[in-house]
Amino acid sequence: MPTLKINGRRVTVDADATILDAVRAAGVEVPTLCHFDGLEPWGGCRLCVVDMSQAGWEDDWFKVVTACNHPVDEGMTVVTDSERIIETRRVVLDLLLARCPEAPLIQELARDYGIEETSYTPNPEPDDCILCGLCTRVCDHIGVSAISSADRGWGREIAPPFHKPPPDCIGCLACAEICPTDCIPYETSNIRRTIWGKEFEMLRDPKTGEAVITKEQAEHFAERSGVPITYFETSDTSKRRQMASTFQKLQVVK
Amino acid sequence: MAEIPRSDLSVAEEILGGYPAEEPALIQILQDVHRAYNYLPCDVLERVAEALDVPLAKVFSVSTFYKSFSLEPQGDTIVKVCTGTACHIRGAGLLVEELERQLGVGPGETTEDLSFTIKTVNCVGACAMAPVMIVADKYWGSAKPTRVKKYLAKGGDDEN
Ligand code: SF4
Ligand code: SF4
Ligand code: FES
Ligand code: FES
């Protein structure tokens, strides 16, 4: 298990850990925007940059790397708050603020780094999407891939195919939930759910009538897990009630 | 270019038949489809996604990423005006304006009769002859607005 030095403090982590894991294990905070534990790291936002020096490198030799996708190594030295790192993050946030001048999360992060207003020309058509790719990656992760990044450069955006309701979408809302700037709109009620312009009917618990899941999502899970579809239409309330009645039937033998 | 109705999937099937049904073949297939149909019709893309077992969203992503692909029907002749730095300085803007006057459509648009599509591009590597205009495959250097009509008429003809 490799041992690293993070801001002067020693930590030992698993061999397959990333620098971000090690930094967190050392109790140090590094801001991230495109990272989500459990999803393959992507290294897209560049906010998690740190200074890193490998064992055997000259003492003052440091390289700027993204912590979220860089593997650890024995004897690595990491500095998370050097002047050039703070400056690099400031540039990233300045640019993000120009793109998304109205996104509260970006405003807040920028403020943490002393930026009240972007020094670049703010986007004349403000959009809260920072193109972190979390939504498309989570959708890939669950095996659906209903949405993707489209176009390039200035025009790049997250969109369903042909900007029409995505035929593959199962209405699970994972993309909307994971979005750090909450910029994927949806509506959900006891009967219907709409996301990406696609409408879904909700499956309801046969006993309580609560909406639990969309039919498409239940089918997707049932097919992949082999668990009968009825399992997915049981609400938490129903599950608790079932458990309570099971416990009532149990006889405690003293 | 021969027009293939977008609903005619047989050409797409023929193209698909020439490649292994695997994701790495995607871009080559899209290039062939583009050459055959002069754009990427969405029902053909749906068929490609299905045949290669690649999510439609991924096919859409690739199709919109490359500038050489169009998801809209294009004119038989593509007219490109270089608006890179050198050409911009030497009056590319006037060429675009003249084209708009002549054809009645702007950059990125296609005439109603599907004869011309106007595109602007950034530097075609011929800055010494700026401004550059390309009609079909024919390059016109030191292009002048007063000659735009001539460039269009000559199209991709070889004789000057
Ligand atoms: S709601 Fe649709 S697009 Fe979003 S993650 Fe679920 S399947 Fe993918
Ligand atoms: S929609 Fe949200 S999750 Fe998706 S790329 Fe944009 S900011 Fe990230
Ligand atoms: S969190 Fe590491 S690059 Fe985005
Ligand atoms: S800028 Fe037009 S050819 Fe280089």
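How much area is buried between chain A and chain B, and what share of it do carbon and sulfur atoms give?

**Entry 1: the two chains.** I began with this question, keeping in mind that the model is predicted. I found that about 1,200 Å² is buried between chain A and chain B, and that carbon and sulfur atoms give 64% of this area. I then looked up who takes part, and the contact draws 16 residues from chain A and 14 residues from chain B.

**Entry 2: polar links across the chains.** I searched the interface of chain A and chain B for salt bridges, and the rule finds one. Its partners are A:Asp140 and B:Lys58, whose closest N and O atoms are 2.9 Å apart. I also looked up polar contacts between chain A and chain B, and the count is five residue pairs, both residues being at pLDDT 80 or more.

**Entry 3: the domains of chain A.** Turning to chain A by itself, I noted that the domain assignment gives domain 1 (3–81) and domain 2 (134–243). The C-alpha centres of these two domains of chain A lie 34 Å apart, and their contact takes nine residues from domain 1 and seven residues from domain 2. The area buried between domain 1 and domain 2 of chain A is about 610 Å², with 66% of it given by carbon and sulfur atoms.

I wanted to know which three residues supply more than any others of the area that domain 1 of chain A buries against domain 2 of chain A. They are A:Leu33, A:Leu39 and A:Trp42, which together supply 63% of it. Between these two domains of chain A I counted zero salt bridges, whereas two residue pairs are in polar contact, with both residues at pLDDT 80 or more. The side of domain 1 of chain A that touches domain 2 of chain A divides into six nonpolar residues, two polar and one charged.

**Entry 4: ligand 2.** Last, I looked up what surrounds ligand 2, and the residues include A:Cys129, A:Cys132, A:Cys135, A:Cys179 and A:Cys183. Also among them are A:Ile130, A:Leu131, A:Gly133 and A:Ile158, together with A:Pro180, A:Thr181 and A:Ile184. By class, I recorded the shell around ligand 2 as 10 nonpolar residues and two polar ones, with no charged residue.

Methods. Residues are numbered from 1 along each chain as its sequence is written. Chains are lettered from A and ligands numbered from 1 in the order in which they are written. This is a predicted model: local features need pLDDT of at least 70, side-chain atom pairs count only at pLDDT 80 or more; totals for chains, interfaces and linings use all residues. Side-chain values use heavy atoms; hydrogens and water are left out. A residue is near a molecule or strand if one of its heavy atoms lies within 4 Å of it. Ala, Val, Leu, Ile, Met, Phe, Trp, Tyr, Cys and Pro count as nonpolar, Asp, Glu, Lys and Arg as charged, and the others, Gly among them, as polar. Contact means heavy atoms within 4.5 Å. Buried area is the accessible area (1.4 Å probe) that two parts lose on being put together, summed over both. A salt bridge is a side-chain nitrogen of Lys or Arg within 4 Å of a carboxyl oxygen of Asp or Glu. A polar contact is a pair of N or O atoms within 3.5 Å; within protein, one must be able to donate a hydrogen and the other to accept it, and residues adjacent in sequence count only if both atoms are side-chain atoms. Domain bounds come from an automatic or database domain assignment.
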